[in-house]
Amino acid sequence: MHHLTSLSPSLRFSSSSSSSSSSAAALSKNLLSSLLPSSPRILRSPPPRKRLSSPFDRRRSPPPPLRRMSGIAFAAGEGISGVAPMESPASAAVGVGAARAESARLKLEELNWDHSFVRELPGDPRTDKIPREVLHACYTKVSPSAEVEDPKLVAWSESVANLLDLDPKEFERPDFPLIFSGAAPLVGGLPYAQCYGGHQFGVWAGQLGDGRAITLGELINSRGERWELQLKGAGKTPYSRFADGLAVLRSSIREFLCSEAMNGLGIPTTRALCLVTTGKYVVRDMFYDGNPKDEPGAIVCRVAQSFLRFGSYQIHASRGKEDLDIVRVLADYTIRHHFPHLENLKKSESLSFDAAQGDSPSIDLTSNKYAAWAVEVAERTASLVARWQGVGFTHGVLNTDNMSVLGLTIDYGPFGFLDAFDPSYTPNTTDLPGRRYCFANQPDIGLWNIAQFGTTLSAAKLISKDEANYAMERYGTKFMDEYQYIMTKKLGLTKYNKQLISKLLNNLAVDKVDYTNFFRLLSNIKADPNIPENELLVPLKAVLLDIGKERKEAWISWLQTYIEELVSSGIPDEERKAAMNSVNPKYVLRNYLCQSAIDAAEQGDYEEVRRLLKVMERPYDEQPGMEKYARLPPAWAYRPGVCMLSCSS
Ligand SMILES: Nc1ncnc2c1ncn2[C@@H]1O[C@H](COP(=O)(O)OP(=O)(O)OP(=O)(O)O)[C@@H](O)[C@H]1O
């Protein structure tokens with residue numbers, strides 16, 4: 001992202017701010033505070049009120065098996081039918097071929113375009129790219145315009161081609177890099193850039209919009225799913241403010257690889273069809289410290305069911321009365337196309353409400369589709385953040401313009417997976433002073449952002465304040481349910497044990513233990529209370545490095561309690577190991593791995609990018625021969641630019 005001050009202050013159009021940060025503070029508690037060792041706190045408040053249930057809460061606890069969560073929680077019939085099931089890690093590993101057999105194999109010219117966004121929503125009457133405030137419109141029709149010279153295809157995702165019904169042979173077309181660098185038109189497409197706003201680092205930033213992303217069009221695949229294709233780094237738009245509309249190879253490799261790695265982990269995300277170099281250089285001051293340099297330009301083709309963000313609604317609410325109606329029109333559009341099960345809610349669907357058991361019946365989601373929608377957005381967001389916490393992912397820039405209304409991970413800027421466990425880790429150099437977006441704060445930030453979303457909908461009179469608060473409550477409940485479930489699965493247990501997890505996280509932080517490798521190795525512990533003390537740590541010796549006597553005792557004590565829990569769970573060791581390995585990845589896209597692929601690609605060698613993609617598509621599998629991709633970062637990786645990055649660079 002760009003912090004407000006790093007883009008033109010003269011183009012701060014809107015000054016409207018939201019009052020919901022105070023309501024967020026009033027409702028939030030630090031969601032992880034009871035589990036994590038001390039970490040920055042930005043939101044403190046009482047716990048959510050008594051739990052209410054929603055009509056979507058058919059699946060109370062426990063949630064479904066983690067590796068299927070994305071498939072189940074986002075599957076048709078489970079309350080979120082507008083969003084196609086993500087490919088589960090299992091299918092990413094073995095099922096791609098099978099899934100492909102069902103889908104069509106079309107040439108680019110044969111894709112089934114359906115430009116509902118442009119057809120149904122108010123657009124900007126102008127089509128020029130002059131930076132400006134775009135009022136009363138959700139988008140501007142503009143075409144890609146990045147300068148291109150002999151573009152090259154760096155990497156591509158066959159599983160994304162499959163989502164689109166695109167024949168993977170199309171990747172071999174000589175004109176493929178030209179089309180996906182925007183230099184040649186995509187037949188049937190209808191390009192545009194979206195208008196949105198956002199809160200950046202807690203401050204209302206006014207109009208942002210797609211300053212360097214241009215949607216090529218939307219298509220409907222043979223399974224009836226809507227997919228939008230977007231080029232990131234394709235040139236200026238009216239939303240570019242003073243910036244160049246371009247992206248560099250370094251950040252594009254990170255976005256391409258991490259969105260596919262996230263999908264491999266089974267976590268909802270925007271996807272990436274391909275990555276091309278433009279053949280041109282782009283000047284970037286990577287740390288905004290007055291040392292710009294030339295970097296190779298590149299463009300990623302991102303794919304999602306929708307790129308709508310919280311900021312897409314906020315911008316219109318911020319503009320006052322005249323544009324409030326656009327919030328409603330956009331909300332209607334979103335529900336119609338992406339949450340169709342909410343269109344015609346029936347009273348009978350509220351039967352699962354706890355009202356009959358004495359909970360307040362004052363929030364009846366069946367009487368207001370917008371309230372039901374707000375709750376669903378809140379729940380999807382909570383579920384997403386819980387899954388990030390489970391794999392140790394830190395997004396780095398959780399501004400409201402980076403919050404997908406579908407609950408997808410969106411915008412891979414200065415992200416980072418935890419290596420040594422540190423709750424206050426932030427991968428974003430811009431975030432260092434306050435660590436607002438550090439690992440431990442993500443659950444609270446998700447809630448803060450939901451509060452802004454609720455404020456937007458209530459400003460447009462789509463939901464009441466009580467309904468907005470209820471969405472926040474649901475966020476808290478959903479987050480805790482899913483987080484506890486995930487942590488329990490990571491430990492291979494059947495029952496949530498708060499004290500055990502809390503002590504574990506404390507131990508991990510004290511000894512700076514590698515988060516990913518620890519959980520992977522933990523599955524080797526045997527449920528045998530008779531293992532002598534001096535042998536207990538053997539399975540973990542690769543991650544418990546350089547610890548003294550006192551710390552060894554702390555770990556032994558924790559392991560003894562853990563083994564007691566394992567014994568009482570009664571799950572055979574081998575069965576538990578397999579279950580744990582299906583939720584504790586062996587491979588995560590550590591920043592140093594990205595950097596090695598970037599270094600090679602900048603020299604014209606794209607093999608490492610392609611190899612990393614293959615490894616990260618199957619993160620839960622052992623993958624003999626690929627063990628080096630599970631190693632800890634080498635010493636050279638602990639420098640800014642590798643383990644930490646700035647926004648939008
Ligand atoms: N090089 C650039 N040229 C024009 N606009 C930019 C550029 N970099 C960032 N922006 C704009 O700054 C705002 C915030 O940046 P942020 O880093 O969140 O976005 P991004 O990484 O470009 O895009 P996205 O959120 O779509 O992944 C967005 O409006 C974005 O379009």
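This is a predicted model: local features need pLDDT of at least 70, side-chain atom pairs count only at pLDDT 80 or more; totals for chains, interfaces and linings use all residues.
Contact here means C-beta atoms, placed from the backbone, within 7 Å. Helices (H or I, at least four residues) and strands (E, at least two) are DSSP runs, numbered from the N terminus.

Residues are numbered from 1 along each chain as its sequence is written.

Next I looked up the buried residues of H19 (607-616): they are Val-609, Leu-612, Leu-613, Val-615 and Met-616. They lie on the same side of H19, because they cover an arc of only 165° around the axis, taken from the directions from the helix axis to the C-beta atoms. Glu-607 and Lys-614 are exposed on the face turned away. Buried takes 20 or more other C-beta atoms within 10 Å of a residue's own, exposed 12 or fewer, partly exposed in between.

Then I turned to Ser-116, in helix H4 (116-120). Is Ser-116 buried, exposed or partly exposed? Ser-116 is partly exposed, because 13 other C-beta atoms lie within 10 Å. Leaving aside neighbours within four places in sequence, I found Ser-116 in contact with Glu-218 and His-337. Ile-130 is 14 residues from Ser-116 along the chain, and their C-alpha atoms are separated by 25 Å.

Key. Two residues are in contact if their C-beta atoms, placed from the backbone, lie within 7 Å.
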